[in-house]
Amino acid sequence: MEHSEQGRRWVYPVMMKVIDGIAAGDAACVRLGIDFIEEDGKFPFGRTLKSNTARALRRASLTEEQ
């Protein structure tokens, strides 16, 4: 699943793998998920991806800072 528009390229399975990593407790994926949620840019399917990311983060063990 890829999308290209105006010189930009999105690869959807990457974020889905990050969400899976968050669910598995991977600290790097948690950090990527937090960065993704904080990003203000528009993304194709961004609302759905951000919702799924937030749901996974809500279930993850986060530090006080996170």
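In which element is the place of threonine 53? Threonine 53 has its place in helix 3, one of the elements of a predicted model in which local features need pLDDT of at least 70, side-chain atom pairs count only at pLDDT 80 or more, and totals for chains, interfaces and linings use all residues. Residues are numbered from 1 along each chain as its sequence is written, and side-chain values use heavy atoms, with hydrogens and water left out.

The overall layout comes next. The protein chain holds three helices and two strands, and these elements run β-β-α-α-α from the N terminus on. Helices (H or I, at least four residues) and strands (E, at least two) are DSSP runs, numbered from the N terminus. The C-alpha trace spans about 40 × 20 × 20 Å along its principal axes. Of the 66 residues in the protein chain, 29% are buried; here buried means under 20% relative accessible area, exposed over 50%, and partly exposed in between, with a 1.4 Å probe and protein chains only. Among contacts (heavy atoms within 4.5 Å) between residues at least 6 apart in sequence, 37% join residues at least 24 apart.

At the strand end of the chain, glutamine 6 lies in the loop between strand 1 (2-5) and strand 2 (8-11). Glutamine 6 is exposed, at a relative accessible area of 75%. Its phi is near 50 degrees, a positive value in a residue other than glycine.

In soluble globular proteins, nonpolar side chains tend to be buried together.

Helix 2 and helix 3 pack at an angle of about 135 degrees, their axes 10 Å apart. Axes are lines fitted to C-alpha atoms, for helices over the stretch in contact, and angles run from 0 to 180 degrees between N-to-C directions. The two helices are therefore oblique to each other, given that angles under 35 degrees count as roughly parallel, over 145 as roughly antiparallel, 65 to 115 as roughly perpendicular and the rest as oblique. In this pairing, Val30, Gly33, Ile34, Phe36 and Ile37 of helix 2 meet Leu49, Lys50, Thr53, Ala54 and Leu57 of helix 3. By class, this contact has seven nonpolar, two polar and one charged residues, where Ala, Val, Leu, Ile, Met, Phe, Trp, Tyr, Cys and Pro count as nonpolar, Asp, Glu, Lys and Arg as charged, and the others, Gly among them, as polar.

Threonine 53 itself is buried, with a relative accessible area of 0%. Leaving aside residues up to four places away in sequence, threonine 53 touches Met15, Ile19, Ile22, Gly33, Phe36 and Ile37. Elsewhere in helix 3 sits glycine 46, buried at 8% relative accessibility. Glycine 46 and phenylalanine 36 are ten residues apart in sequence, with 9.5 Å from C-alpha to C-alpha. Serine 51 also belongs to helix 3 and counts as partly exposed at 32% relative accessibility. A distance of 8.7 Å separates the C-alpha atoms of serine 51 and isoleucine 37, which are 14 residues apart along the chain.
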